[in-house]
Amino acid sequence: SPASSARPRRRALAPRARAALPLRPPRPPRCLVPPRLWPSPRHRPRRAHAGSAQGARRLTAASASTAWTNPSSAGRVRAATRASCASASGSRRRRRRRAAAAAAAAEQHQMSASSLFLNYPCESTEDGVLEVAWSPSDAVVAIATDNHQINFYQDEGQIMVQCAITRECDVSCMVWQAKNKILATGWEDGHIAIYSLNNQKLDCVYSNDKDHSGARLSFLMWNPMSSRLVSGDSAGVVRVWKSDSRGALSMYKQYKCNSATTAGVFSTAGHMQSRSDVLGHAFSPSFFYGTEDGKVYFADDLGHMTEVQALSSSVDCMKFYGDKSRLVIITRALLMVQLQVGDDGRVAPVMKVKLSIAGSGEKSIKQVVWAGPGLIAAASGENLVRLWNLASDENYTLSLSSAGRMVGRSDRIVSVAFNPVQRYLAAGTMEGKVALWRFVGELPSPVTTAAAEGGEGGEPVAQGSVKPEDWEPMAPAVTAKGAVTKVSWGPGRGLLCAGGSQGSSVLREDVLHRKISGSMVAIQLNSNLVRLERLDGGHFIQKCDINIRGIAVTETHLAVWNGSHCQVFEVQDSMCVAVSSHQTSAGCMAFSKDDSILRTVGSAVEICNYNGVVKKRISFSEGEGEPTHLDINGKFLAVATSNGQLKLFDLSKREAKTAGTNKNATGAPKQLGSSGKFVDSATGESLGSIRSIACNADGTRVSILSDHVHGALRMLEPDTRLHVYDADRDVVDNFNCTSRGRYPVSHFWDTEEPKLLACETTRIRAASSEAGGPGVAAPPAAAKEAADEGKEGEEGKDDEGKDGEDKSASEAQKQFIRTKQGDAAPTESEMEVLTLFVTTDFGVLMQDAFPLEAPFQALIGVQVPRLYFAGTKENEESGAGAGGAFGNGPFVMHRVLQDFIGLEDVDVDTRAALLDFSYYLTIGNMDEAHRAVKLIRNPSVWENMAHMCVKTKRLDVAEVCLGNMGHARGAAAVRLPKQKGAPE
């Protein structure tokens, strides 16, 4: 061919020149032939940069070709080749480093945006930690160390100096009562003692050195009502103790076996869970305990004890699976055994599985905890957490490589703990790190075996987490230099204690708060900085002396608190002046308009002045529960309790003094109506655990966010419904976000309009969905049926509409309401904002929905005609002093409501007319919407109404809208079909 004939010939080389070349390089590729000899454009090579790897290879090939044809330049060619390859390799390394840094920064930003744990080292602890135990009723943790001491710490690592316990040997086990601050301790020498903690004072209420003398206490456990304590020791003695209200013990029953006891667990099979407190103290559930020689015993507090199982190796761990009434045992030989427990205590083997654990040396399970209903998590000394789903008989692992770059891949997990309230899983490692994951999968639901196989009927089974994608990694925490051998979650949300060989720390989740009141907005920036900004301009940053856990703000004052202290500031033009700093254990606070602070403390809402002096109390009975949430809107107060009670008060009115009235209640705010309950109006069942509440502008409604409670762990799952309690009807309405694949995270009422509610939602991060695709949960059956009925109704209406022009306004209105209730397509954004109208006649209706995207970060309130957000400003100049790191925000930003675009600054009457216009459009009443704005000449109002007329098929109103818009061609197009008699 012409190309081959034109290829350059090689020149013959002398033997000496041929010997100078160590190896014959390959023939130059065809792409290095001069361009004039290329046969066709398809052979044309791609250009490559000389510093890239591809460019280096081509340069090497070209240089080799030159060296082959010119041997005198071979040395220079090899040097140039090495230099080019080195340059290309350096470029690759630099690109890898930049990509790794960018990926690490993105990963850290993503994790830190969702959650951040602050590290508070425990004071005066540098010794090795043996045991860690949180009080379930208060944020107090007991830490036992290898210097024969037990110290008590608060939620920021502050030591309670007067509460130390010191003996001549180490603690072997300790456990708190469920409802009281009473701690049971067991020691290496058989000593058992009970301590009561009140007002930071520790009292020993019981001590015993005889009954377990010389034998190490292997386990202690309180029964659910704290009326019995079971103890087991290394001599094989098990004792049942009877406890009074103070925690003092008296020996009740004793059992003896031939081997050291190792573990114990209470059984709930056959036990009446609904017994009263009196019966609960008289009767106690039975229990199981295991021994060193592999025996498993069943016992109760009536003197019955029998051996139920014999295993080949020592029992290391025992758990009771209440949903299936099964006893789960893990032995020293890594054998997992499940025993079915009958009501009479008899057991039947269900399953035995040999666990496989990698590694050299002694293999054992370090720690085992429940990580969900039927889901067990274990730390085995590997670089992963092993999880077993007992409901589906499946298992999987969570690797440290998914926990972030701060945790090394060669690190090993030696401790694990799970928080059912927030669904957080924590794992302590040998290198002093705490890896964190959040459960985002689907919780077990009661489906049947046949349904799981695609049929009908069958026995109910539970479905749950079966894959590692159900867990989302969070930012890991660094606690100490040594290994983290103990991790334990505290009561409530975001409180973790991690202890190891070189001390302990309290890790507390830092949640940033945002509040708006009138024209003043407070935005928390970090643990102790708050940005105060006025809506009419001007902002500054205030530094506080405490780590903030809550914020309240008015036009003139700011209050911050952390669960033990409260600071109150007076807000001036560009600074804050400290007013007071006082101690309080309040969990929730709010300002009232009469210069008072309302706070929840114990079983009452206290009304105090800015110095913390209590003036009045609103008391709640034991049946009503303790107040946990409160919210103030104008002069109205809403309070929710731990038992789901809802109360509304008018702060401008006072209760009248009558005979027999409690003196503390005299002068207290007047309650509006009777108490409500957060229950389903049809069934009377509880709607879940209340997470937050908000009161509307006239004190007639309370919006509620709640969580579903699952299983014996009381694991919380966010409810996808936004609930609204209507005090006039004493019922709870709701708006379900399931069809949009979301659940609500915050909610705000307008300060003047009692019907308008704004809500921020986030995407449900389910792994898969039949209806919504990845990341969107499938709507429930009821929602699907409602949607199907709506579609059938629409089809029927279309058929009926073929015979005439006139459709009733009620039919169009119903169709529009169905559209508003969920037919609108959800957005793809992670966050979404909904605006809703709440009325007695129509319930909760969505008015508008839009994605929450940059620069907006979070919704903080609504004041017609604007929604207010926390967001960042791209070109904002950095501030000075403490706020220099927050020069780009977050700041207050706003967005105009849809029906107020172009009419933001109008008078009060026009604003009210536009709000009525928006409401009537939402319910589909076009006639009333037209009357509301018929005197307004702004084209944007009529344009919005024209769009709605298309959805509701009201051509008569659309003609008026187009006329007011000055759209002559559109108005003529609408009149044309009406003249011809065509259907709308």
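The points below take these topics in turn.

1. The model is predicted, and its confidence should be read before the details. The mean pLDDT of the protein chain is 79, with 73% of residues at 70 or more. Residues 272-280 have a pLDDT below 50, and this stretch makes 7 contacts in the model beyond near neighbours in sequence. Residues 446-462 also fall below 50, with 24 contacts of that kind.

2. Salt bridges come to 27 in the count. One of them joins Glu-606 to Arg-617, where the closest N and O atoms are 3.7 Å apart. This pair links distant parts of the chain: Glu-606 belongs to strand 46 (residues 604-608) and Arg-617 to strand 47 (residues 614-619), 11 residues apart. Glu-606 has a relative accessible area of 8% and is therefore buried. Arg-617, at 32%, is partly exposed, because that class lies between the 20% and 50% limits.

3. Glu-624 and Lys-647 form a salt bridge with the closest N and O atoms 2.9 Å apart. Here a loop residue is paired with a strand residue: Glu-624 sits in the loop between strand 47 and strand 48 (627-633), while Lys-647 is in strand 50 (residues 645-654), and 23 residues separate them. Glu-624 and Lys-647 are both buried.

4. Between the side chains of Glu-832 and Arg-742 there is a salt bridge of 3.3 Å, N to O. Glu-832 lies in strand 60 (residues 831-839) and Arg-742 in strand 58 (residues 742-749), so the pair, 90 residues apart, links distant parts of the chain. Glu-832 is buried, as is Arg-742.

5. Salt bridges link Arg-701, Asp-726, Arg-729 and Asp-733.

6. How many disulfides does a search of the whole structure find? The search finds 0. Cys-759 is in no disulfide, and its nearest cysteine sulfur, that of Cys-737, lies 5.5 Å away.

7. Are the cysteines Cys-163 and Cys-759 buried or exposed? Cys-163 has a relative accessible area of 1% and is buried. Cys-759 is likewise buried, with 1% relative accessibility.

Conventions: Residues are numbered from 1 along each chain as its sequence is written. This is a predicted model: local features need pLDDT of at least 70, side-chain atom pairs count only at pLDDT 80 or more; totals for chains, interfaces and linings use all residues. Side-chain values use heavy atoms; hydrogens and water are left out. A salt bridge is a side-chain nitrogen of Lys or Arg within 4 Å of a carboxyl oxygen of Asp or Glu. Helices (H or I, at least four residues) and strands (E, at least two) are DSSP runs, numbered from the N terminus. Buried means under 20% relative accessible area, exposed over 50%, partly exposed in between (1.4 Å probe, protein chains only). pLDDT is the predictor's confidence in each residue, from 0 to 100. Contact means heavy atoms within 4.5 Å. A disulfide is a pair of cysteine sulfur atoms within 2.5 Å.
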